[in-house]
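My notes follow in the order I looked things up.

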Amino acid sequence: MESSTRLFVLTGLAALWLGVTTARAEQFVLFDVTFKFTKDDADNSKPSPSHYYVRDKMMNADRPKDWTSPIDYRNGTAHVRLEVLEKPPGGEATTWSVCYIPNRSQNKGYDCFNTPVYKETGVYEQDIPMTKFWQNDSIVWDHGIKEMHLVIKDNSGGSGHAHKRQDHEKFFPTKVRMTVIQVSADSKYDPSLVPNLPPTKTEKPSTVNNEKPDVPATKSKE
């Protein structure tokens, strides 16, 4: 084989290898937080009640700046693992809106998905396509995510903030561990890659409230 032909073949193989590596399956933990949330916490959270704010060191500092390239997370999935550690008795249906606050926004300015609805303690998991989020076109994804807002709600729809309920004692106090793992496009969530997860147990069956989260988060002031 002539040297010029050999160089062409090697260059082509290198390009093919590069294309494969840039499209490789990947995942990363966006955040992993354990917290107790009381009625007083919900009433006094700022700037919006019923919100738990995941900011600064609570976020993964190594999250990508660009969620579209070289690895495509924007068209992947979000895997939410919700471990309900404490919940008042009575079996009241509860969910959380999980809202992404971007570095650069457009349209409505943020987007959200809802966790599975739960009525008791246990572990609840769900894969949510990124393109199925409420208002998923409101983020400029190649500029990344700044922070996250977690909003506790009942199962009545987007405006069902738990702190507004007359029977708020059915929701508070509560304690949860929430972990959100971002999985790249055409890839499958792998729990073995998530640090500090407890041994796998039988998971609770999950249902999702697919109604829009209404206006669950107020964008933080700069």
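**Sheet notes**

I started with serine 97, whose bridge partner in E5 is asparagine 114. Before going on, I noted that this is a predicted model, where local features need pLDDT of at least 70 and side-chain atom pairs count only at pLDDT 80 or more, while totals for chains, interfaces and linings use all residues. Residues are numbered from 1 along each chain as its sequence is written, and side-chain values use heavy atoms, with hydrogens and water left out.

Strand E4 (residues 95-102) is joined to E5 by four bridges, and the two run antiparallel. Strands here are DSSP runs of E, at least two residues, numbered from the N terminus, and two of them pair if DSSP finds at least two bridges between them. I then traced the whole sheet: it is open, has four strands in the order E2-E8-E4-E5, and its pairing is antiparallel. Strand E2 (51-54) and strand E5 (111-114) are at the edges with a single partner strand each, so one side of each has no neighbour in the sheet. On average, neighbouring strands of this sheet are turned by 20° against each other, direction ignored; the axes are lines fitted to C-alpha atoms.

**Core notes**

Which residues have the most contacts inside the largest nonpolar core? They are Phe31, Trp96, Tyr100 and Leu150, in a core of 38 residues. A core here is a set of buried Ala, Val, Leu, Ile, Met, Phe, Trp, Tyr and Cys residues joined through side-chain atoms within 4.5 Å. E1 gives the most to this core, six residues.

I also listed the contacts (heavy atoms within 4.5 Å) of leucine 150. Leaving aside neighbours within four places in sequence, they include Phe31, Tyr52, Trp96 and Met178.

**Charge notes**

I found ten salt bridges in the structure, each a side-chain nitrogen of Lys or Arg within 4 Å of a carboxyl oxygen of Asp or Glu. One joins glutamate 83 and arginine 81 at 3.1 Å, N to O, and both residues are buried. Buried means under 20% relative accessible area, exposed over 50%, partly exposed in between (1.4 Å probe, protein chains only).

Aspartate 167 has a salt bridge with arginine 165, closest N and O atoms 2.8 Å apart, and one with lysine 170 at 3.2 Å. Is aspartate 167 buried or exposed? Aspartate 167 is buried, at 17% relative accessible area, whereas lysine 170 is partly exposed at 32%. Shared partners join Glu92, Asp154, Arg165, Asp167 and Lys170 into one salt-bridge network.

Methods
Axes are lines fitted to C-alpha atoms, for helices over the stretch in contact, and angles run from 0 to 180 degrees between N-to-C directions.
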